[in-house]
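Here is a short note to read beside the model. Please keep the sequence and the 3D view open as you go through the points.

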Amino acid sequence: MAETIFAKIISREIPAKIEYEDDHCMAFHDVAPQAPTHLLVIPKQPIVNLAAVTDDDTPLLGHLVRVATQLAERLNLADGYRLVVNCGPHGGQTVDHLHIHLLGGRPLRWPPG
Ligand code: AMP
């Protein structure tokens with residue numbers, strides 16, 4: 001897998017506003033926020049997307065979601081929020097490193113485009 005911009009954020013080659021980090025994942029603010037709060041939660045392991053996930057990744061996926069929900073609580077998204085994972089071209093994925101969008105701070109419309 002070619003190195004993505006998110007791998008460069010993990011290695012600190014390029015800067016990001018990092019909100020959380022542990023041995024397995026990192027959460028940072030999206031550079032083009034679509035809501036008052038817009039974080040990306042990513043695994044440090046370079047998984048391309050949901051379609052590339054294996055059974056071995058199940059605990060890691062649970063951890064990513066739990067980190068996202070804990071960040072939502074810490075960032076006071078008490079009125080609700082949305083977790084989004086875009087997968088592949090039709091899913092709108094633009095960076096080939098699995099990431100969960102955490103969006104909140106305003107009412108979000110449905111259905112998405
Ligand atoms: P997706 O379209 O689901 O693949 O989401 C990729 C997201 O990464 C987009 O919301 C971009 O705004 C965001 N993004 C791209 N480059 C950076 C960066 N250097 N720092 C933070 N977010 C980024």
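**Notes on the model**

1. Start with tyrosine 81. Tyrosine 81 has a relative accessible area of 37%, so it counts as partly exposed. The cut-offs are these: buried means under 20% relative accessible area, exposed means over 50%, and partly exposed lies in between, with a 1.4 Å probe and protein chains only. Tyrosine 81 sits in strand S4, residues 81-84. Strands (E, at least two residues) and helices (H or I, at least four) are DSSP runs, numbered from the N terminus.

2. A word on the basis. This is a predicted model, in which local features need pLDDT of at least 70 and side-chain atom pairs count only at pLDDT 80 or more, while totals for chains, interfaces and linings use all residues. Residues are numbered from 1 along each chain as its sequence is written, and side-chain values use heavy atoms, with hydrogens and water left out.

3. Now the surface. Val65, Tyr81 and Leu83 make a nonpolar surface patch of about 230 Å². Patches take residues with over 30% relative accessible area and no salt bridge; nonpolar side chains (Val, Leu, Ile, Met, Phe, Trp, Tyr) are joined within 5 Å, like charges within 9 Å. Accessible areas come from the Shrake-Rupley method with a 1.4 Å probe; for residues, only the protein chains shown count as cover.

4. How many salt bridges does the whole structure hold? The search finds three. A salt bridge needs a side-chain nitrogen of Lys or Arg within 4 Å of a carboxyl oxygen of Asp or Glu. Side chains of opposite charge can pair when their charged atoms come close.

5. Look at glutamate 21. Its side chain meets arginine 12 in a salt bridge, 2.8 Å from N to O. Lysine 44 also forms a salt bridge with glutamate 21, at 2.7 Å, N to O. This second pair links distant parts of the chain: lysine 44 is in the loop between strand S3 (37-43) and H2, glutamate 21 is in strand S1, and they are 23 residues apart. Through shared partners, Arg12, Glu21 and Lys44 join into one network. Glutamate 21 is partly exposed at 32% relative accessibility. Arginine 12 is partly exposed at 48%, and lysine 44 is partly exposed at 26%.

6. Arginine 74 and glutamate 19 form another salt bridge, with their closest N and O atoms 3.6 Å apart. The partners are 55 residues apart: arginine 74 is in helix H2 (residues 58-74), glutamate 19 in strand S1 (residues 18-21). Arginine 74 is partly exposed at 46%, and glutamate 19 is partly exposed at 23%.

7. Next, the aromatic rings. The structure holds one aromatic pair. Rings of Phe, Tyr and Trp (its six-membered ring) pair if their centres lie within 6.5 Å; planes under 30 degrees apart are stacked, over 60 edge-to-face, the rest tilted. Phenylalanine 6 is in helix H1 (residues 5-10) and phenylalanine 28 in strand S2 (residues 25-29).

8. A polar side-chain atom of histidine 99 lies 2.9 Å from a ligand oxygen atom. The protein covers 83% of the 490 Å² of accessible area that the ligand has on its own.

Key: Polar contact = N/O pair within 3.5 Å; in protein donor to acceptor, adjacent residues only side chain to side chain.
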